Amino acid sequence: MFIDLSFYAVIAILVLVFLSAAIKILREYERGVIFTLGRFTGVKGPGLIIIIPVIQQMVRVDLRTRVLDVPTQDVISRDNVSVQVNAVIYFRVIDPERATIQVENFLQATSQLAQTTLRSVLGKHDLDEMLSERDKLNNDIQEILDTQTDAWGIKVANVEIKHVDIDQTMVRAIARQAEAERERRAKIINAEGEYQAAQKLLDAAEILAKCPEAMQLRYLGTLGVIAGEKNSTIVFPFPVEAGKFLAGLDEDK
């Protein structure tokens, strides 16, 4: 009797072990890559799946978007400036079969590829482009990574350059350059203002020359401005035409 109970207990344990090895539950974001005697036979999931223990093996693949922090890379820009750059990459598995069969560790492979691509792309641009055209650089890196990881069943959704660290000596040089640029713009704006003012004065002089009475009205307007400032002395501008008229009278005498 005891032997029969032991036998049934062993059978029950074996059945439980078989069922635990045969029954797999995959979440909504998981897929199971099935190998039968070492050969790929399909992708299953999500939900409840059954495999044959020993004969079949299953590799779980997560389809959720992964965030990969690319370590800081030393980059030499096209204008020979040494900078340290790091980035973050968003990618996910779209083909579990290729992600399992075509590459040993797709996470490590994507990380190494991202590091080399980051150095290669940024090394072709000047420092000013790294600082001012990040969106364009992000798109270039994303397109290159997406093209190369397509064979692994990986989709690179986005690439973001987080920091571009520059040596303090170069920071001071950039500050001096920016200051010089602002001074240059200020001088240009000042010169443009002087040119426009001179042009307007020339136009006004041409208009006043056509009508001498307008010049007299201008004189009176100037006197009104001077008188409003409460000055003790008022200088009255003497018209040139009046001087010529008086000189003509002297000649007639």
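The model is predicted, and local features require pLDDT of at least 70, side-chain atom pairs count only at pLDDT 80 or more, and totals for chains, interfaces and linings use all residues. Residues are numbered from 1 along each chain as its sequence is written, and side-chain values use heavy atoms, with hydrogens and water left out.

Helices (H or I, at least four residues) and strands (E, at least two) were taken as DSSP runs, numbered from the N terminus. An open sheet is formed by three strands in the order S3-S2-S5, with antiparallel pairing; strands are paired if DSSP finds at least two bridges between them. Strand S3 (39-44) and strand S5 (56-62) each have a single partner strand and stand at the edges, so one side of each lacks a neighbour in the sheet. Strand S2 (residues 30-36) pairs with S3 over five bridges, and Gly-32 has Lys-44 in S3 as its bridge partner.

A nonpolar surface patch of about 940 Å² includes Val-10, Phe-18, Ile-25 and Leu-48. Such patches consist of residues with over 30% relative accessible area and no salt bridge, with nonpolar side chains (Val, Leu, Ile, Met, Phe, Trp, Tyr) joined within 5 Å and like charges within 9 Å; accessible areas come from the Shrake-Rupley method with a 1.4 Å probe, and for residues only the protein chains shown count as cover. Helix H1 (2-22), strand S1 (23-26) and strand S4 (47-50) each give two or more residues to the patch, and H1 provides the largest share, six residues.

Buried denotes under 20% relative accessible area, exposed over 50%, and partly exposed the range in between.

Eleven salt bridges were counted, each defined as a side-chain nitrogen of Lys or Arg within 4 Å of a carboxyl oxygen of Asp or Glu. Glu-30 and Arg-27 form one of them (3.6 Å, N to O); Glu-30 is buried at 9% relative accessibility, whereas Arg-27 is partly exposed at 49%. Arg-78 and Asp-126 form another (3.2 Å, N to O). This pair links distant parts of the chain, 48 residues apart, with Arg-78 in the loop between S6 and S7 and Asp-126 in the loop between H3 and H4.

Terms used. Buried means under 20% relative accessible area, exposed over 50%, partly exposed in between (1.4 Å probe, protein chains only).
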